[in-house]
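Please consult the structure below while reading.

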Amino acid sequence: MQDKKIAIFASGRGSNAVNIIQHFKSHETIHVALLISNRTDAFVVQAAEELGVKTMVLTNETAADASILIQICQENAIDAVILAGYLRKIPVGFIQAFTDKIINIHPSLLPKYGGQGMYGDKVHEAVLQNKELETGITIHFVNEHFDEGRIIAQFHCSISQNDHLADIQSKIHHLEQAYFPFVIEQTLKSSF
Ligand code: GRF
């Protein structure tokens, strides 16, 4: 396989971004070339720098500008974009330029608990509220509609009657840590 370069987009604490960076650290063909954030104070920016990954912080204006994002990716020879807790909307022009090359992780079993405004604890709270017996993570391609792109993989976990928010957070975190980098690797190997 030819070398592939990944750009990770992230806005928060970055546990997924760090896990992905570490997974591909000494990979033969897949490299994390860039971490993009929309927040200077995001923990993920510092963490990526410490791991030797080039970082870039976008203003809200830049984050919404498809042509600038395309240019940044071209300049850095990016083949695939990974959204790992990135909380800005991806401009449509960028999604079209990177069709089937942008992968997102969502902390529920889509199509359940997806869509605009459904992120982080809001998802888990809704899952608890509805007394679901299971939840999980969905790894999917990104299209123009929030959380509706083609599903690549889903992983489930059960919910017990005594589970609180922290329990769900922890179960989801474990699934993300265990599977996200491997699914990215398989996807890049098979369909890029
Ligand atoms: C994760 O739960 C992910 O599923 C969601 O946002 C969260 C990001 O967490 N999209 P982190 O910043 O990677 O720790």
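In which loop is Glu132 found? Glu132 belongs to the loop that connects helix 6 (121-129) with strand 6 (134-141); helices (H or I, at least four residues) and strands (E, at least two) are DSSP runs, numbered from the N terminus.

## Basis of the model

This is a predicted model, in which local features need pLDDT of at least 70 and side-chain atom pairs count only at pLDDT 80 or more, while totals for chains, interfaces and linings use all residues. Residues are numbered from 1 along each chain as its sequence is written, and side-chain values use heavy atoms, with hydrogens and water left out.

## The loop residue

Glu132 counts as buried because its relative accessibility is 18% (buried means under 20% relative accessible area, with a 1.4 Å probe and protein chains only). The Glu132 side chain makes a polar contact of 2.6 Å with the side chain of Tyr113 (a pair of N or O atoms within 3.5 Å; within protein, one must be able to donate a hydrogen and the other to accept it, and residues adjacent in sequence count only if both atoms are side-chain atoms).

## The ligand site

Arg13, Gly14, Ser15, Asn16, Gly85, Ile105, Pro107 and Glu176 surround the ligand (a heavy atom within 4 Å). A polar backbone atom of Ile105 lies 3.1 Å from a ligand nitrogen atom. The ligand taken alone exposes 370 Å², of which the protein buries 85% (Shrake-Rupley method, 1.4 Å probe).

Conventions: Buried < 20%, exposed > 50% of the residue type's maximum accessible area, 1.4 Å probe, protein only.
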